Amino acid sequence: MQNHRPAPGTEIPLQGAVNFRELGGYPAADGRRVRYGLLYRGGNLDALSGPEDQRTLQSWGLRTILDLRSAGEAEKHPDPAVPGAAYQRICAMRMRDGAEMDFSSTGIERLAAEKAAFERKAGRPVHDFEWFSAIYRQMPFQNPAYRALFAMLERRQTPILFHCTCGKDRTGIAAVLILLALGVDRQTALADYMLTNRYRHAIIEASLRGRSPQERELLQPVEGVSAPMGDGAIDEILARFGSFEAYFASEYGLDGPRLAALRDFYLE
């Protein structure tokens, strides 16, 4: 049976969406690997409207769906009900005041105001790349969505699908954190994060057509992901806590015994 499993990070073929995959198969702590069929990641579920996509979605036997989007995004593209799966929405990106960071059309004005405040604090204009990099460095800390996610994992509310709009930023960092908690090494966790650029390649290239190399680097995170941003979030964890173990103990209460129990369940 092991030989018929897809390689770690393989995209799940769907007709209506890209960048859906699972975390199974990655090498992790103590020579074990992440169990298949428990941890799924993706984007908007309303894109999976065709009968074949619906059959694929239902074949995962989901018990939990955690929607990492804002209320505005979820209202414009609501998740369809999935039989047997409990649904919860907790936005994984927040403003300085704790309000949801809304990437729907209705949230643009508030996002612009948030960036303007960032620029005032910096004392100069900044590119969106710099602003978003700062948001990334804050995402792993005191994040109610990620704390709920790890609580669900501890309660074994799996199989679980966690998702945002494109399955790349909020979802991407969530996946990095899960993999690090399970003892997957940093390089492998970041490589999984970067797979978004493979699976969204056509979308990314369409958005960057005609741009200079410098512009492409700065605008890549609009439709894809950026290695410096992903690395920045991980670097911030180590800068604040010194080790991943200390981070997981402080942020999620995953001390030695609880982290070991988590790994025993999600690794094989």
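Predicted model: local features only at pLDDT ≥ 70, side-chain atom pairs only at ≥ 80, totals over all residues.
Residues are numbered from 1 along each chain as its sequence is written, and side-chain values use heavy atoms, without hydrogens and water. Local features need pLDDT of at least 70, side-chain atom pairs count only at pLDDT 80 or more, and totals for chains, interfaces and linings use all residues.

Colleague: Which helix supplies the largest share of the lining of the largest pocket?

Modeller: A pocket is an open set of points on a 1 Å grid over the protein atoms alone, where a 1.4 Å probe fits, with protein on both sides within 12 Å along at least five of seven lines; lining residues have an atom within 4 Å of a point. Helices are DSSP runs (H or I, at least four residues), numbered from the N terminus, and α3 (108-122), α4 (128-138) and α10 (213-223) each supply at least two lining residues. The largest share, five residues, comes from α10.

Colleague: What is the volume of the second largest pocket?

Modeller: α3 and α4 each supply at least two residues of the lining of the second largest pocket. The space in this second largest pocket is about 410 Å³.

Colleague: At what angle do α7 and α11 pack?

Modeller: Axes are lines fitted to C-alpha atoms over the stretch in contact (heavy atoms within 4.5 Å), and angles run from 0 to 180 degrees between N-to-C directions. Leu190 and Tyr193 are among the α7 residues that meet α11. The axes of α7 (186-194) and α11 (227-241) lie 10 Å apart, at an angle of about 145°.

Notes
Points joined across faces, edges and corners; volume = space filled by probe spheres on them.
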